[in-house]
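Here are my notes on the model, point by point. Please read them with the structure open.

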Amino acid sequence: MNTNPFVAGCRAVYELASAELRASVAGLDSDGLNWRPDAPDTSTIAILTHHALGSTRDWICIAVGLEGPNRSRAEEFETAIASEVTAL
């Protein structure tokens, strides 16, 4: 394991954020994950989860000087997820 304090801090932030996301979607079925409020320009829980994880990975890569993952931000906002397991 990397002993660099900065990397350890990034890992801790990522682990906390992903644990909070897991807790937020725990027990939701596909209808709950993909429900969209009846208002313009809204996103589902599935979309927000997918985007938050992608964004977190990007920022961590930037922080440690690595190339970010191949990511299509626009496609994240078209996400539909079948279960909480595939959400995370």
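**Notes on the helices**

1. Just after α3, G65 takes a positive phi of about 80 degrees. Helices here are DSSP runs of H or I with at least four residues, numbered from the N terminus.

2. A word on the source: this is a predicted model, where local features need pLDDT of at least 70, side-chain atom pairs count only at pLDDT 80 or more, and totals for chains, interfaces and linings use all residues. Residues are numbered from 1 along each chain as its sequence is written, and side-chain values use heavy atoms, with hydrogens and water left out.

3. Helix α3 covers residues 45-64. The end C-alpha atoms are 29 Å apart, which agrees. Buried residues in α3 include I47, H51 and C61 (buried means under 20% relative accessible area, exposed over 50%, with a 1.4 Å probe and protein chains only).

4. T44 sits in the loop between α2 (30-34) and α3. T44 is buried, at 2% relative accessible area. Its side chain reaches the backbone nitrogen of I47 at 3.0 Å.

5. Helix α1 runs over residues 5-25. The buried residues of α1 are V7, C10, S18, L21 and V25. They lie on the same side of α1, because they cover an arc of only 60 degrees around the axis (taken from the directions from the helix axis to the C-beta atoms). The face turned away from that buried side carries exposed P5, V13, L16 and A23.

6. Now the ends of α1. At its start, a side-chain oxygen of N4 comes to within 2.7 Å of the backbone nitrogen of F6. Just after α1, G27 takes a positive phi of about 85 degrees.

Key:
Helix = DSSP H or I, 4+ residues; strand = E, 2+ residues; numbered from the N terminus. Expected span 1.5 Å × (residues − 1). Polar contact = N/O pair within 3.5 Å; in protein donor to acceptor, adjacent residues only side chain to side chain.
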